[in-house]
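Q: I would like to learn how to read a fold. Can we go through one step by step?

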Amino acid sequence: MSALKITVMNSGPLHLTGDFEIVDAAGHAFPNQGIFSLCRCGKSARKPYCDGTHRAERWENEAHSDDVRIPNA
Ligand code: FES
């Protein structure tokens, strides 16, 4: 398996690929189909999964790694 890679999609979800597990607060694993699309907009009816609602809501957000500064780094 490969390392976990998380891709922040423009105006969309987080795409997770690779070797990982996602669990709920009780430690129970969500079904893993090899790729997850996790909601980033907060509007999905299937959280933590993205259900495409971000498109209907015209949610916009672009995150660029060079825009993020870590305090005291
Ligand atoms: S990111 Fe797709 S529904 Fe929230």
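**Reading the sheet**

A: This sheet is open, has three strands in the order S1-S2-S3, and its pairing is antiparallel. Its edge strands, each pairing on one side only, are strand S1 (5-8) and strand S3 (35-38). On average, neighbouring strands of the sheet are turned by 20° against each other, direction ignored. Axes here are lines fitted to C-alpha atoms, for helices over the stretch in contact, and angles run from 0 to 180 degrees between N-to-C directions. The model is predicted: local features need pLDDT of at least 70, side-chain atom pairs count only at pLDDT 80 or more, and totals for chains, interfaces and linings use all residues. Residues are numbered from 1 along each chain as its sequence is written.

Q: How many bridges join strand S2 to S3?
A: Two strands pair if DSSP finds at least two bridges between them. Strand S2 (residues 14-17) and S3 run antiparallel and are joined by four bridges. Within this pair, His15 stands opposite Ser37 in S3.

Q: Which pattern does the chain follow along the sequence?
A: Helices (H or I, at least four residues) and strands (E, at least two) are DSSP runs, numbered from the N terminus. The chain has one helix and three strands, and the pattern reads β-β-β-α.

Q: What percentage of the residues of the chain count as buried?
A: A residue is buried if 20 or more other C-beta atoms, placed from the backbone, lie within 10 Å of its own. Of the 73 residues in this chain, 7% count as buried.

Terms used:
Buried ≥ 20, exposed ≤ 12 C-beta atoms within 10 Å, placed from the backbone.
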